[in-house]
Amino acid sequence: MSGVHKNPTISFRITEAERRQIEAKIIASGMSKKDYFARSCIYNRVCVVGKKETVYRLVEELREMQTVIRDVAEQLRQEETTLTNEGLQEMQTDFTNMLQAILWMLDGARYLWEGTNTYKNPPEIPFDESVASVTEVMKE
């Protein structure tokens, strides 16, 4: 029977910024979206157990970020920038979300090396002055 599911669906609306933050945390967790949302709602937090696959995925995300940053830096050096101010802002938001998700995951696993679970909200990543200087160069 097409269109018939055993289990009910839960849906809700979120802003684009919230969606990006959630998706970054899902990637950092290594879980499926379904498992992430279920555990997050039921337990009010998600405990991530490190797996090789999860770590590899995070390394790939960081490598991609590094490549993009190097490309932008090279464009700025050659004064051939194709990145708009809006694109730079979007890149900064995406990178900040991913870095916060990685920090959140590591903070949740801190008990592995400290002996106690000291879970807290992830620290806010301040606006980097180097990004501000890139923004200023873009305006010129």
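A: Gladly! Buried means under 20% relative accessible area, exposed over 50%, and partly exposed in between (1.4 Å probe, protein chains only). This is a predicted model, in which local features need pLDDT of at least 70 and side-chain atom pairs count only at pLDDT 80 or more, while totals for chains, interfaces and linings use all residues. Residues are numbered from 1 along each chain as its sequence is written, and side-chain values use heavy atoms, with hydrogens and water left out.

Q: Why is Glu60 called partly exposed?
A: Its relative accessible area is 46%, which lies between the 20% and 50% limits, so Glu60 is partly exposed.

Q: What makes Glu60 and Arg63 a salt bridge?
A: A salt bridge needs a side-chain nitrogen of Lys or Arg within 4 Å of a carboxyl oxygen of Asp or Glu. For Glu60 and Arg63 the N to O distance is 3.0 Å, so the pair qualifies.

Q: Why are Glu60 and Arg63 separated by about one helical turn?
A: Because they are three residues apart in helix α3 (residues 52-77). Helices are DSSP runs (H or I, at least four residues), numbered from the N terminus.

Q: How do you know that Arg20 and Asp94 link distant parts of the chain?
A: Their side chains meet in a salt bridge at 3.3 Å, N to O. Arg20 is in helix α1 and Asp94 in helix α4 (residues 85-108), 74 residues apart.

Key: Helix = DSSP H or I, 4+ residues; strand = E, 2+ residues; numbered from the N terminus.
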